[in-house]
Amino acid sequence: MCSRVWFVTDRRISQEYPQVQILRALKQRCAEEDVEFRSLLMDQIVLTISDGQLGLRVEQEMVSSYPQVAVVRVPTPWVQSDSDITVLRHLEKMGCRLVNRPQAILNCVNKFWTFQELAGHGVPLPDTFSYGGHENFRKMIDEAEPLGYPVVVKNARGHRGKAVFLARDKHHLADLSHLIRHDAPYLFQEYVKESHGRDVRVVLVGGRVIGSMLRCSTDGRMQSNCSLGGVGMMCPLSEQGKQLATQVSNILGMDVCGIDLLQLNDGSFVVCEANANVGFIAFDQACGMDVAGIVADYALSLLPSRLTRKMSLLSVVSSASETSSEPEVCPVPTGGALPEAACNMSVGSTSSESDPELVESSQPSHHKATGSTLPNLHGLPDPTYNFNTLLANEIKLLTE
């Protein structure tokens with residue numbers, strides 16, 4: 001047993017649904033795949049640098065078997081770069097593949113940092129302002145006027161729909177400045193009226209959309225978070241919505257995330273927020289999914305032994321492409337009888353046996369043609385379907 005996977009989380013959230021379910025799924029998958037597994041809380045890990053080398057200690061013992069992959073769940077609103085991120089950086093420097101990586105988590109710790117990363121990439125965003133300094137909220141009462149009213153006001157480190165307000169006018173904004181806590185900066189955002197009280201939560205794992213959920217407020221408030229009483233229901237997502245969520249996930253460098261989209265009247269979307277520590281209890285219920293199981297499967301797919309196998313398969317496909325730059329296509333006659341062996345393709349039994357359709361199509365045709373009428377070609381392979389295509393199908397089956 002040489003493959004090693006860790007699950008690292010924060011003590012404050014360790015008993016919440018997502019962490020409990022991911023722990024369950026990782027234990028199960030690792031046991032099935034004969035992978036060494038360990039679960040640790042962030043405050044159990046001691047970082048060491050001895051004789052110029054990075055190391056780890058847990059419970060006063062030196063760790064000798066370092067993780068190759070670690071699934072990380074930290075509460076992004078409370079992440080401290082001087083402690084939590086330091087632990088994750090240490091693991092990454094030791095060669096561990098983290099899900100999510102430290103920089104991806106930092107990109108989502110602060111809502112304005114998220115928008116800073118997305119800006120300049122053609123991502124549709126509501127106009128958003130923020131400020132420097134610790135208590136400069138009041139100066140934004142005048143500075144935010146170009147955004148118009150009402151205007152959305154959010155704590156840059158808020159979560160679960162908390163510390164989010166809709167300021168009706170300048171006087172309301174002035175009143176808010178006396179009531180809010182100034183422990184983190186606030187951002188001021190253009191109000192998307194047509195999406196009031198609803199948004200679309202898109203969950204992605206490994207850069208792929210695994211599902212989407214429409215969230216709706218039940219009390220007329222602007223926020224639609226299920227943690228505030230909103231309801232969620234599975235909903236189909238347009239291709240534009242999927243592409244946008246995937247683009248955001250890739251720009252931010254996230255493996256597992258939730259992207260919240262606001263829909264405009266014309267059906268297009270703008271990005272509201274991105275979540276590196278996405279919750280999924282309502283999502284599982286609404287969509288009938290096991291997000292934790294998908295995360296566990298993805299984590300194990302990142303193990304070096306799995307990646308080596310994928311690279312070997314890719315090498316086979318690449319070699320085949322180089323030696324067969326032109327597809328071996330048998331011409332289909334325009335008249336007369338079709339030969340009994342319509343197309344003699346050099347395909348191994350492994351590929352055909354793994355795909356029933358290929359087995360069927362690879363059998364010779366016994367139809368007889370009369371005159372200039374061609375027989376039914378339904379059972380024959382597409383003339384452009386060559387060896388490289390079959391290899392691509394095989395690698396898809398093995399790597400997905």
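The model you are looking at is predicted. The protein is built with 13 helices and 16 strands, and 44% of its 400 residues are buried.

**Overall picture**

- Take the contacts in the protein with a separation of 6 or more: 67% of them come from residues 24 or more positions apart.

**The cavity**

- Rolling a probe the size of a water molecule over the atoms shows where empty space is left.
- Here, the count comes to one cavity of 30 Å³ or more, and the largest cavity holds about 50 Å³ of space.
- You can find its lining at Ile22, Val71, Val72, Arg73, Val99, Asn100, Val256, Ala276 and Val295.
- Strand β6 (residues 69-73) supplies three residues, the largest share of the lining of the largest cavity.
- Sorted by class, that lining has seven nonpolar residues, one polar residue and one charged residue.

**Helices α3 and α4**

- Two packed helices are described by the angle between their axes and the distance between the axes.
- For helix α3 (residues 102-109) and helix α4 (residues 111-118), the axes come within 5 Å and cross at roughly 115 degrees.
- Because of that angle, α3 counts as roughly perpendicular to α4.
- On the α3 side, the contact is made by Leu106, Asn107, Cys108 and Val109, while α4 contributes Lys111, Trp113, Thr114 and Glu117.
- The contact of α3 with α4 has, by class, four nonpolar, two polar and two charged residues.

Conventions. Residues are numbered from 1 along each chain as its sequence is written. This is a predicted model: local features need pLDDT of at least 70, side-chain atom pairs count only at pLDDT 80 or more; totals for chains, interfaces and linings use all residues. Side-chain values use heavy atoms; hydrogens and water are left out. On a 1 Å grid over the protein atoms alone, a cavity is a set of points where a 1.4 Å probe fits but cannot get out, and a pocket is an open set with protein on both sides within 12 Å along at least five of seven lines; lining residues have an atom within 4 Å of a point. Grid points are joined across faces, edges and corners, and a volume is the space filled by probe spheres set on the points. Helices (H or I, at least four residues) and strands (E, at least two) are DSSP runs, numbered from the N terminus. Ala, Val, Leu, Ile, Met, Phe, Trp, Tyr, Cys and Pro count as nonpolar, Asp, Glu, Lys and Arg as charged, and the others, Gly among them, as polar. Axes are lines fitted to C-alpha atoms, for helices over the stretch in contact, and angles run from 0 to 180 degrees between N-to-C directions. Angles under 35 degrees count as roughly parallel, over 145 as roughly antiparallel, 65 to 115 as roughly perpendicular and the rest as oblique. Contact means heavy atoms within 4.5 Å. Buried means under 20% relative accessible area, exposed over 50%, partly exposed in between (1.4 Å probe, protein chains only).
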